[in-house]
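Please work through the exercises below with the sequence and the model side by side. Try each task before reading its solution.

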Amino acid sequence: MKEIIENQMLAALATLKQCFDNCPDTEWEESHNDAPFSQVMFHTLFFTDYYLSVNEIEFKLQKFHIDNKNLFRDYEELEYKKAEHVYSREEIKKYFDFCFNKVKKYFKDNKSGIFTEDSAFIKMTVCELLIYLIRHIQHHAAQLGLRIQQITGKELIWVSSGWTL
C-alpha cells in the first residue's frame, strides 16, 4: 500500500511539474478570475509540505523554512484569507524540489503501520490524509493544466504512476 500511495503522489507531482514547465512567463502572475498561477503553485506545494509534516510546529521549524523565511512570511496559507504574496519561478522551483525530496524521504522513512494512525491535521487516518493530499495536488494540477491548455493549446501528458516526465 505504501508503494502504491507513493507512486500516485509522485505521479500527481509530475503532473504539477508539467504545469510549472509549460506556463508561459507572461501568464505566471495572471489571475484569469482566480488566484495567479504562482499562488496556486505555492498553495499546492505548501499543503504537500504541511501534510507530510509531523505537526504544525515541526513544519515551521524545518531548515528549509528557516532558511527561506521570506517565502513563508506569516504563513498566510494557514489562515482563511485570500493570499496576497506572489512568487517567482525560482522560488517555486526551489520549493518544488524541496517537496519532491520530502515526499521521497517521507515514504522511505515511514513504516506502513503509520497509515492507520490518526492524522495530526484533519480528522482522518494518515492513509486517508495521503489520498486526500494526492487529490489536492491533482485538483490544482488540473486547474492549472486547463489554464495552460486554453492559453497555449498544449495539453498535459498523463502520468499513470510514479515520477515520469
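Predicted model: local features only at pLDDT ≥ 70, side-chain atom pairs only at ≥ 80, totals over all residues.

Residues are numbered from 1 along each chain as its sequence is written, and side-chain values use heavy atoms, with hydrogens and water left out.

**Exercise 1. Describe how helix H1 packs on helix H7, and state which residues make the contact.**

Step 1: Helices here are DSSP runs of H or I with at least four residues, and strands are runs of E with at least two, numbered from the N terminus. H1 covers residues 2-22 and H7 covers residues 126-152.

Step 2: Two packed helices are described by the angle between their axes and the distance between the axes. The axes are lines fitted to C-alpha atoms, for helices over the stretch in contact, and angles run from 0 to 180 degrees between N-to-C directions. For H1 and H7 the angle is about 20 degrees and the axes lie 9 Å apart.

Step 3: Angles under 35 degrees count as roughly parallel, over 145 as roughly antiparallel, 65 to 115 as roughly perpendicular and the rest as oblique. H1 is therefore roughly parallel to H7.

Step 4: Contact means heavy atoms within 4.5 Å. On the H1 side the contributors include Ile 5, Met 9, Leu 16 and Asn 22, and on the H7 side they include Leu 130, Ile 137, Ala 141 and Ile 148.

Step 5: Ala, Val, Leu, Ile, Met, Phe, Trp, Tyr, Cys and Pro count as nonpolar, Asp, Glu, Lys and Arg as charged, and the others, Gly among them, as polar. By these classes the contact of H1 with H7 has 14 nonpolar, 5 polar and no charged residues.

**Exercise 2. Find how H1 runs relative to H6, and how H2 runs relative to H7.**

Step 1: The axes of H1 and H6 come within 10 Å and cross at roughly 170 degrees, so these two helices are roughly antiparallel to each other.

Step 2: Among the residues that meet here are Lys 2, Glu 6 and Lys 17 in H1, and Arg 89, Lys 93 and Lys 104 in H6. The contact of H1 with H6 is made up of 11 nonpolar, no polar and 7 charged residues.

Step 3: For H2 and H7 the axes likewise come within 10 Å and cross at roughly 170 degrees, which makes this pair roughly antiparallel as well.

Step 4: Phe 37, His 43 and Tyr 51 are among the H2 residues in this contact, and Leu 129, His 136 and Arg 147 are among those from H7. Its residues divide into 11 nonpolar, 6 polar and 1 charged.

**Exercise 3. Which residues touch the most other members of the largest nonpolar core?**

Step 1: A nonpolar core is a set of buried Ala, Val, Leu, Ile, Met, Phe, Trp, Tyr and Cys residues joined through side-chain atoms within 4.5 Å. Buried means under 20% relative accessible area, exposed over 50%, and partly exposed in between, with a 1.4 Å probe and protein chains only.

Step 2: The largest core has 46 residues, and those touching the most other members are Met 9, Leu 16, Tyr 95 and Leu 130. H1, H2, H5, H6 and H7 each give two or more residues to this core, and the largest share, 10 residues, comes from H7.

Step 3: Leu 130 is found in H7 and is buried at 1% relative accessibility. Beyond four places in sequence, Leu 130 touches Ile 5, Met 9, Leu 52, Tyr 106, Phe 107 and Phe 115.

**Exercise 4. Is Gln 39 buried or exposed?**

Step 1: Gln 39 is found in helix H2, and its relative accessible area is 7%, so Gln 39 is buried.

Step 2: Leaving aside neighbours within four places in sequence, Gln 39 is in contact with Ala 83, Glu 84, His 85, Val 86 and Tyr 87.

**Exercise 5. What are the phi values of His 32 and Tyr 75?**

Step 1: Most residues other than glycine have a negative phi, and most peptide bonds are trans.

Step 2: His 32 has a positive phi near 50 degrees; this residue lies in the loop between H1 and H2 and is partly exposed at 41% relative accessibility.

Step 3: Tyr 75 has a positive phi of about 55 degrees; its place is in the loop between H5 and H6, and Tyr 75 is buried, with a relative accessible area of 12%.
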